[in-house]
Amino acid sequence: MFDDWSAELRAASTGNAPFSWTIGANYTEALSTPNANALYPAGYRVSTGAVINQAKTLSGFFGFGYKTGIFNFSFDGRYQIDEIASLGRVYTKSTHTILEAKYKNFLPRVSVTLEPSRDLTVYSSWSKGMNPGAFNASLSTASQAVQDAAYEQTGAQIGVKPEKLEQWELGLKGRLFGSLTYDVSAYYGTWTDQIIAVNAVVPAGGSGAQTQVQTFSANAGKTRLAGIESQIDWRVTEKLSLNVGAAYNYSKIVDYVCVTCAVSITGNSDVSGNALPRVPSLNGSFGAQYTADLAKPLMGGLFEQWY
């Protein structure tokens, strides 16, 4: 079960003055209740679960912009307080707090844009982002043997630190020949303490004679990211449009001790210098769209065009 709500208050400047501003505040609260089905001998099934996961975010944000001639400058910031908690429960009612943590972060973004003409824009930006931490709630009530096994094999602990990203971007977009638009950009970033899922073989039950595989969350050090992305859209005729996209993505693990790799994969815990898994270095796309009126409207005019 998942339940959330949010509220936001915002004020912004109006008009065409060179200076513009935005200021506001936001509050978000979310509750999730992981369930497991238990089948009883009598044949009926009930939904069970031990915790309610709670996340609260309170933030204040602002944005300042200045425009003069072909030059645009903006500075945005958000001060964010994240509170996460695992709550014990009976049915859907929380009874007590098992784990809780609070994170405070300031997340800035600076962008500079040049518009030499209506058909050409050069843009650049620098920003910081973060994803709040988490808990391995099962470890908080696990035996010391389970906690030791999880840490020794994966580095997983009860608390998981927030992951953070610092990124730069430089791009060029515009229009050619009146019917072709393009957007080419390059990016570079540093991703630290990324949160990943890891598996560990831990004791099952009260003794070490039997084992089981459990999944935990853990932080994975530091990774460098870089790449180039491009997109071209061509309006061939009023009815036919074509688009093509291509990207090159580079990633390099700078700092990560992979205990699982040493135990069960390569025999070596140092995976620095490798690329991130499941991140293709090259990818592309192609699309075409043709729009025309139907010879006869269908379903009383509900469908009058096809593409």
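Trainee: Where does F177 sit?
Mentor: In the loop between β11 and β12. Keep in mind that this is a predicted model.

Trainee: Is F177 buried or exposed?
Mentor: F177 is exposed, because its relative accessible area is 78% and the cut-off for exposed is over 50%.

Trainee: What about the phi of F177?
Mentor: Positive, about 60°, although F177 is not a glycine. Most residues other than glycine have a negative phi.

Trainee: Which side chain does D193 meet in a salt bridge?
Mentor: K161, at 3.6 Å from N to O. The pair links distant parts of the chain, 32 residues apart. K161 is in the loop between β10 (159-160) and β11 (163-176).

Trainee: How accessible is K161?
Mentor: K161 has a relative accessible area of 47%, so it counts as partly exposed.

Trainee: How many salt bridges does the structure hold?
Mentor: Two. The other pairs R10 with E8, and the closest N and O atoms there are 2.9 Å apart.

Trainee: New topic. What makes up the largest nonpolar core?
Mentor: Ten residues: L139, V146, A149, A150, A156, V198, A200, V202, F216 and A218. Elements giving two or more residues to this core are α2 (144-154), β13 (195-203) and β14 (211-219).

Trainee: Which residues are in the second, separate core?
Mentor: That core has eight residues, including Y187, A220, I253 and V271. In soluble globular proteins, nonpolar side chains tend to be buried together.

Trainee: Back to L139. What is L139 in contact with?
Mentor: Leaving aside neighbours within four places in sequence, L139 contacts V146, Q147, A150, A156, Q157, I158 and F216.

Trainee: Which residues of α2 are buried?
Mentor: V146, A149, A150, Q153 and T154. They lie on the same side of α2, because they cover an arc of only 100° around the axis.

Trainee: Which exposed residues are on the face turned away?
Mentor: Q144 and E152.

Trainee: What happens just after α2?
Mentor: G155 takes a positive phi there, about 80°.

Trainee: Now the surface. Which residues form the nonpolar patch?
Mentor: F19, W21, I23, F64, Y66 and F73. Together they have about 570 Å² of accessible area. The elements that give two or more residues are β2 (19-32) and β5 (51-68).

Trainee: Which element gives the most?
Mentor: β2, with three residues.

Trainee: Where is W21, and how accessible is it?
Mentor: W21 is in strand β2. Its relative accessibility is 33%, so W21 counts as partly exposed. Patch residues need over 30%.

Trainee: Next one, D233. Where is it?
Mentor: In strand β15, residues 222-235. At 33% relative accessibility, D233 is partly exposed.

Trainee: What does D233 contact?
Mentor: S179, L180, T181, L242 and N243, leaving aside neighbours within four places in sequence. D233 and T181 are 52 residues apart along the chain, yet their C-alpha atoms are separated by 5.3 Å.

Trainee: Zoom out. How many helices and strands are there?
Mentor: The protein chain comes to three helices and 19 strands.

Trainee: How much of the chain is buried?
Mentor: Buried residues make up 28% of the 307 residues. The chain exposes about 19,500 Å², and carbon and sulfur atoms supply 56% of that.

Trainee: And what share of contacts comes from residues 24 or more positions apart?
Mentor: 58%, counting contacts with a separation of 6 or more.

Definitions and conventions
Residues are numbered from 1 along each chain as its sequence is written. This is a predicted model: local features need pLDDT of at least 70, side-chain atom pairs count only at pLDDT 80 or more; totals for chains, interfaces and linings use all residues. Side-chain values use heavy atoms; hydrogens and water are left out. Patches are made of residues with over 30% relative accessible area and no salt bridge: like charges are joined within 9 Å, nonpolar side chains (Val, Leu, Ile, Met, Phe, Trp, Tyr) within 5 Å. Accessible areas come from the Shrake-Rupley method with a 1.4 Å probe; for residues, only the protein chains shown count as cover. A salt bridge is a side-chain nitrogen of Lys or Arg within 4 Å of a carboxyl oxygen of Asp or Glu. Helices (H or I, at least four residues) and strands (E, at least two) are DSSP runs, numbered from the N terminus. Buried means under 20% relative accessible area, exposed over 50%, partly exposed in between (1.4 Å probe, protein chains only). Contact means heavy atoms within 4.5 Å. A nonpolar core is a set of buried Ala, Val, Leu, Ile, Met, Phe, Trp, Tyr and Cys residues joined through side-chain atoms within 4.5 Å. The arc is that of the directions from the helix axis to the C-beta atoms.
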